[in-house]
Amino acid sequence: KRVLNYRKLETEMSLQMRGEVAMANNKAWMCKLWYFASASDPFVVELSPCVLPLVFAPTEKLNLPRTLYVLCRGITARKGMPLSKGSVWGVDFVLDDASLADNVAASALTYTEVLTLSYQDLHAVLENENYNLERALTRKASVFYSIKARLRLKARELRGFSDDTEAESNGGKTGVGMLGRGAPEAGPPAPSTSFARLVKNEPQGGLLPPLKDGALGVGDVGA
């Protein structure tokens, strides 16, 4: 209710004051997203009305699809980790392919207030022809998170194939080498590539890490 009252008050402000309020309310969390860090002030101001407040009671799930979350008050948990004020998740909401998004829900541990931004609202603002930079960065982010998600899917497939192969070679029993024949000899260490950093880390300053030739190792990974 407090935030909604602020929004109502904004409608009574001059355009200049409304812009200053929008910058003060949104610039801080937008700077945490590498693809919004260099967004122009007019873009931030126009996007501000699309950032909607929501309140959740303890034990409620925060699971809106294709939505960015910014935690303003309270404590939530996601993937076994507690999140406090200022935390941001759902950063891959820019993905054009919704099936690749990380849809793990957060759970409110206390009364929780969040700001949300949906994929549809973001792209409604990006249709403005004056936001070429923001549109290009959002597209770059979509490609980045698409590659990241596909690499993770491929890793799970390869891990499952490796487990099945080991079970077949041991007569359907896993862990025989450890129990009956001693631990297998360690192979050579896996080569260090920027591919691993791509999966684990976020780009810095809006720059994507370069990939070495053949670092992906799969032909079906695309944007």
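Contact here means heavy atoms within 4.5 Å. The model is predicted, so to speak of a local feature takes pLDDT of at least 70 and side-chain atom pairs count only at pLDDT 80 or more, while totals for chains, interfaces and linings use all residues. Residues are numbered from 1 along each chain as its sequence is written, and side-chain values use heavy atoms, with hydrogens and water left out.

View 1. Helices (H or I, at least four residues) and strands (E, at least two) are DSSP runs, numbered from the N terminus. Of the 223 residues, 36% count as buried; buried means under 20% relative accessible area, exposed over 50%, and partly exposed in between (1.4 Å probe, protein chains only). Take the contacts between residues at least 6 apart in sequence: 70% of them join residues at least 24 apart.

**View 2. Ser118 sits in strand β8, residues 112-118.** With a relative accessible area of 17%, Ser118 is buried. Leaving aside neighbours within four places in sequence, Ser118 touches Arg66, Thr67 and Phe93. A polar atom of the Ser118 side chain also lies 3.2 Å from the backbone nitrogen of Asp121.

**View 3. Arg66 lies over the face of Tyr119.** The distance to the ring centre is 3.8 Å. For a charge to sit over a ring, NZ of Lys or CZ of Arg must be within 6 Å of the ring centre and within 35 degrees of the ring normal. Arg66 is also one of the contacts of Ser118.

**View 4. Trp34 and Phe144 are an edge-to-face pair.** Nine aromatic pairs turn up in a search of the whole structure. Rings of Phe, Tyr and Trp (its six-membered ring) pair if their centres lie within 6.5 Å; planes under 30 degrees apart count as stacked, over 60 as edge-to-face and the rest as tilted. Here the centres are 5.7 Å apart and the planes at 85 degrees, so edge-to-face it is. Trp34 is in the loop between α2 (15-30) and α3 (41-47), and Phe144 is in helix α5 (residues 132-169), 110 residues apart. Trp34 is buried at 7% relative accessibility, and Phe144 is buried at 2%.

**View 5. Phe43 and Tyr131 make another edge-to-face pair.** It's 5.3 Å centre to centre, with 80 degrees between the planes. Phe43 belongs to helix α3 and Tyr131 to the loop between α4 (119-126) and α5, so the pair ties together parts 88 residues apart in sequence. Phe43 is buried at 0% relative accessibility, and Tyr131 is buried at 5%. Ring pairs link Trp34, Tyr35, Phe36, Phe43, Tyr131, Phe144 and Tyr145 into a cluster.

Key:
A polar contact is a pair of N or O atoms within 3.5 Å; within protein, one must be able to donate a hydrogen and the other to accept it, and residues adjacent in sequence count only if both atoms are side-chain atoms.
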